[in-house]
Amino acid sequence: MLTLDLAELDRRGRLPVEGELAPDLPLWEGLDLKVEGPVDVRLEAQATSSGEVLVRGTVAARFSSECRRCLEPVEAELEEEVAILFTPPDQLAEEDRGGEIRVLDPEGNALDLAPAIREEVFLDAPAWVVCRPDCQGLCPKCGTNRNENTCDCTLEEPDPRWAALRGLTEE
C-alpha cells in the first residue's frame, strides 16, 4: 500500500510518494475494468499551514475492458494528473463531507493513499471503450460480430407510432 508518514511530512513540509499498486489487490475489486499491470504512482505531498495535506502528481495504469459495441477485449492506458486534498475533520463543513475533500484521521500518524488513488483511477478511466472507431458491433438479431462476418438478418420495420417523430428528423 501507499502510505504517507504524517509526522515526517510535518517536519519536512513536502515528501515524494512514489510506488506501485499491484493489480491483484482487493482494492481494485468492483471496478468495471480490470487493472492489467501495476498502477504507477508518482506524487508529492505537501503540508499546508492550516493543517491540510495536498497530494499532487500522476497516476498511470493499464487496464482492460470490453468493447462497448462488439464485446471483444480491449486494452487501454490511463495517465492522469491528480490532486487530492485531505483536511482535518474540525475544518470540514458538514455539507463537504463525502465530496472531493477527504478527511484526515486526527489520531493517525500515517495516511493510506491507496483508496484515494483507486477513486481517481475509477473516475478518470473512460466509461466506454471501443476496440476501434469504426467498430460495427453485434447484430441485434443474431449476435454475429459484424466486424468479422455478415449476416442475412433484416431489421424489423420500426414501430409506426413513432412515424410522426421520424418525419420531423427527415425535414
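**Close-up views of a predicted model**

View 1. The volume is the space filled by probe spheres set on the points, which are joined across faces, edges and corners. This is a predicted model, in which local features need pLDDT of at least 70 and side-chain atom pairs count only at pLDDT 80 or more, whereas totals for chains, interfaces and linings use all residues. Residues are numbered from 1 along each chain as its sequence is written, and side-chain values use heavy atoms, with hydrogens and water left out. Helix 1 gives the largest share of the lining, four residues; helices (H or I, at least four residues) and strands (E, at least two) are DSSP runs numbered from the N terminus.

**View 2. The largest pocket.** The largest pocket holds about 300 Å³ of space, and among its 14 lining residues Asp 32, Ser 65, Pro 126, Ala 127 and Trp 128 are the closest to its centre. Strand 5 contributes three residues, the largest share of this lining.

**View 3. The largest nonpolar core.** This core, a set of buried Ala, Val, Leu, Ile, Met, Phe, Trp, Tyr and Cys residues joined through side-chain atoms within 4.5 Å, has 38 residues, and those with the most contacts inside it are Leu 4, Leu 21, Val 39, Val 53, Phe 86 and Leu 113. Elements that each supply at least two residues of the core include helix 1 (6-12), strand 5 (53-66) and helix 2 (114-124). Residues up to four places away in sequence being left out, Leu 4 touches, among others, Leu 15, Ala 45, Val 53 and Leu 113, contact meaning heavy atoms within 4.5 Å.

**View 4. Glu 120 in helix 2.** Glu 120, a residue of helix 2, counts as buried because its relative accessibility is 14%, buried being under 20% relative accessible area, exposed over 50% and partly exposed in between (1.4 Å probe, protein chains only). Beyond its neighbours within four places in sequence, Glu 120 is in contact with Val 82, Ala 83, Ile 84 and Arg 102.

Key
On a 1 Å grid over the protein atoms alone, a cavity is a set of points where a 1.4 Å probe fits but cannot get out, and a pocket is an open set with protein on both sides within 12 Å along at least five of seven lines; lining residues have an atom within 4 Å of a point.
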